[in-house]
Amino acid sequence: EEKDPKRLFEGNALLRRLVRIGVLEESKMKLDFVLALKIEDFFERRLQTQVFHVGLAKSIHHARVLIRQRHIRVRKQVVNIPSFVVRLDSQKHIEFSLDSPFGGGRPGRVKRRNAKRAAGGSGGAETE
């Protein structure tokens, strides 16, 4: 039934949620358009895909690794779940975390080791 109060309430809530996460456009806020959604529309909103599209990663796989190793934050929150659904308003705030070597944090293990070698002399393995 078109005028069923439960259908109206839950239908509007569903439409608003889909628009907020960016799967549905505001011009298409009707239940008919929800049926036309494809699974690719939802995949496009994943953090893994967004990190790649923003250009922080060289590939989708690289994006997944960066996320799992806690190099990516959305707004002020470090997110380590590749399937995190990014809302439209949060999309502009995807960046490297402050603790990450990519985002200005402490250098990584290899860079620290190389800097120590350059400053202090040779490591113990090369003195034979």
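Buried means under 20% relative accessible area. Keep that cut-off in mind, because exposed means over 50%, with partly exposed in between. One more thing before we start: this is a predicted model.

Let's begin with Thr 49. Thr 49 sits in helix H4. Its relative accessible area is 11%, so Thr 49 counts as buried. Which residues does Thr 49 touch, if we skip those up to four places away in sequence? The answer is Phe 43, Glu 44 and Ile 60.

Ile 60 takes us to the next helix. H4 covers residues 47-54, and H5 covers residues 60-68. The two helices pack at an angle of about 115°. Their axes are 8 Å apart. How do we describe that angle? Roughly perpendicular counts as 65 to 115 degrees. H4 and H5 are therefore roughly perpendicular to each other. As for handedness, H4 passes H5 in a right-handed crossing.

Who makes the contact? On the H4 side, we have Leu 47, Gln 48, Thr 49, Val 51 and Phe 52. On the H5 side, we have Ile 60, Ala 63, Arg 64 and Ile 67. Sort the residues of the H4 and H5 contact by type, and you get 6 nonpolar, 2 polar and 1 charged.

Now look at Phe 52, also in H4. Is Phe 52 buried or partly exposed? Its relative accessible area is 30%, so Phe 52 is partly exposed. Leaving out residues up to four places away in sequence, Phe 52 touches Ala 57, Lys 58, Ser 59, Ile 60 and Ala 63. Phe 52 and Ser 90 are 38 residues apart in sequence, and their C-alpha atoms are 15 Å apart in space.

Next, Val 19. Find Val 19 in helix H1, residues 5-21. Val 19 has a relative accessible area of 12%, so this residue is buried. Set aside its neighbours within four places in sequence. Val 19 is then in contact with Leu 24, Glu 25, Glu 26, Met 29 and Leu 88. Now jump along the chain to Arg 87, 68 residues from Val 19. Their C-alpha atoms are separated by 8.9 Å.

On to the loops. Two arginines have a positive phi, and each is a residue other than glycine. Take Arg 70. Its phi is near 65°. Arg 70 lies in the loop between H5 and strand S1, which runs over 72-74. With 48% relative accessibility, Arg 70 counts as partly exposed. The other is Arg 75, with phi near 60°. Arg 75 belongs to the loop between S1 and strand S2, 77-78. Its relative accessible area is 39%, so Arg 75 is partly exposed too.

Another loop residue is Gly 103. Look between strand S3, 94-96, and H6. How exposed is Gly 103? At a relative accessible area of 30%, Gly 103 is partly exposed. Not counting residues up to four places away in sequence, Gly 103 touches Phe 96, Ser 97 and Leu 98. Gly 103 and His 71 are 32 residues apart along the chain, with 7.9 Å between their C-alpha atoms.

Last stop: helix H6, residues 109-120. H6 has 12 residues. From its first C-alpha to its last, H6 reaches 16 Å. That is close to the 16 Å expected at 1.5 Å a residue. How many of its 12 residues are buried? The count is 0, and H6 is hardly covered.

Quick recap. Phe 52 is partly exposed. Arg 70 and Arg 75 carry positive phi values. That's all from me.

Note on methods:
Residues numbered from 1 in each chain as written. Predicted model: local features only at pLDDT ≥ 70, side-chain atom pairs only at ≥ 80, totals over all residues. Heavy atoms only, no water. Axes fitted to C-alpha atoms, helices over the stretch in contact; angles between N-to-C directions. Helix = DSSP H or I, 4+ residues; strand = E, 2+ residues; numbered from the N terminus. Parallel < 35°, antiparallel > 145°, perpendicular 65-115°, else oblique. Left-handed = near helix turned anticlockwise from the far one by under 90°. Contact = heavy atoms within 4.5 Å. Nonpolar A, V, L, I, M, F, W, Y, C, P; charged D, E, K, R; others polar. Expected span 1.5 Å × (residues − 1). Buried < 20%, exposed > 50% of the residue type's maximum accessible area, 1.4 Å probe, protein only.
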